[in-house]
Amino acid sequence: MDGDFRTDFVREPGALKHFPALVLNADYRPLSYYPLSLWPWQEAVKAAFLDRVTIISEYDEEVHSPSTRIRIPSVVVLKDYVKPQKRVAFTRFNLFLRDEFCCQYCGSRGDLTFDHVLPRARGGVTSWTNVVAACSPCNLRKGSRLLKQSGLSLRKPPRQPMASELNNIGRKFPPGHLHDSWMDYLYGDAELEA
């Protein structure tokens, strides 16, 4: 058999890979907002067949086997509650999220890196309370000097965030595509403006 034929034969239908399912915890809140808790449609269908989730909304498209047809889930709810982590991992992504993807010296949003407020060369440690998001120009300007020596100042002091804080900040940065069926679960508990 020709190798290309086998590849074409087993390849998943291209359109179906674009139907992610929003995953909600048993309390009907997303597991995370940023990144948004999404599963590929295959995982959502598998979890439904294994009775691990309840499907609460579906796309119009279907998938089928020789004996079963199912509409692709767009929102699923876990049957067992997953306790959210209280401790936030210190990662570059979480640091940028805490600082809202903004340089903590000048406020710019492009070309971000991170900076040690008390430079490592002067005994500074890599921790939530000593590292901030910084654009490359500000990071180069500060170098291994102290803040007062560099002429820069912080927009807000660095601190360790709580998981709930990062989730709330994550709401400000929705993904490029939000399906209509997700909206009530993403922003249904947001405070209404007067």
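**Figure 1. Overview of the chain, which has 7 helices and 6 strands.** The model shown is predicted, so that local features need pLDDT of at least 70 and side-chain atom pairs count only at pLDDT 80 or more, whereas totals for chains, interfaces and linings use all residues. Residues are numbered from 1 along each chain as its sequence is written, and side-chain values use heavy atoms, with hydrogens and water left out. Helices (H or I, at least four residues) and strands (E, at least two) are DSSP runs, numbered from the N terminus. Read along the sequence, these elements follow the pattern α-β-β-α-β-β-α-β-β-α-α-α-α. Of the 194 residues, 35% count as buried, a word that stands for under 20% relative accessible area, with exposed meaning over 50% and partly exposed in between (1.4 Å probe, protein chains only). The accessible surface comes to about 12300 Å², of which 53% belongs to carbon and sulfur atoms; such areas come from the Shrake-Rupley method with a 1.4 Å probe, and for residues only the protein chains shown count as cover. Among contacts (heavy atoms within 4.5 Å) between residues at least 6 apart in sequence, 61% join residues at least 24 apart.

**Figure 2. The open sheet of 4 strands, in the order β2-β1-β4-β3 and with mixed pairing.** Strands β2 (38–39) and β3 (53–64) stand at the edges, each with a single partner strand, so one side of each has no neighbour in the sheet. Two strands pair if DSSP finds at least two bridges between them. Strand β1 (residues 21–24) runs parallel to β4 (residues 69–78), to which 3 bridges join it, and Leu22 has Val75 in β4 as its bridge partner. Between β3 and β4, which run antiparallel, there are 8 bridges, and Glu58 has Pro73 in β4 as its partner. The hairpin formed by β3 and β4 has 4 residues between the two strands.

**Figure 3. The largest pocket, with a volume of about 820 Å³.** On a 1 Å grid over the protein atoms alone, a pocket is an open set of points with protein on both sides within 12 Å along at least five of seven lines, and lining residues have an atom within 4 Å of a point. The lining counts 29 residues, and Leu31, Pro84, Gln85, Ala163 and Asn167 lie nearest the centre. The elements that give two or more residues to this lining are α3 (92–98) and α6 (163–170), and α6 gives the most, with 5 residues.

Figure 4. Ala163 is partly exposed, its relative accessible area being 23%. Apart from neighbours within four places in sequence, Ala163 is in contact with Gln85, Lys86 and Val88. Ser32 and Ala163 are 131 residues apart in sequence, and their C-alpha atoms are 9.5 Å apart in space.

Technical notes. On a 1 Å grid over the protein atoms alone, a cavity is a set of points where a 1.4 Å probe fits but cannot get out, and a pocket is an open set with protein on both sides within 12 Å along at least five of seven lines; lining residues have an atom within 4 Å of a point. Grid points are joined across faces, edges and corners, and a volume is the space filled by probe spheres set on the points.
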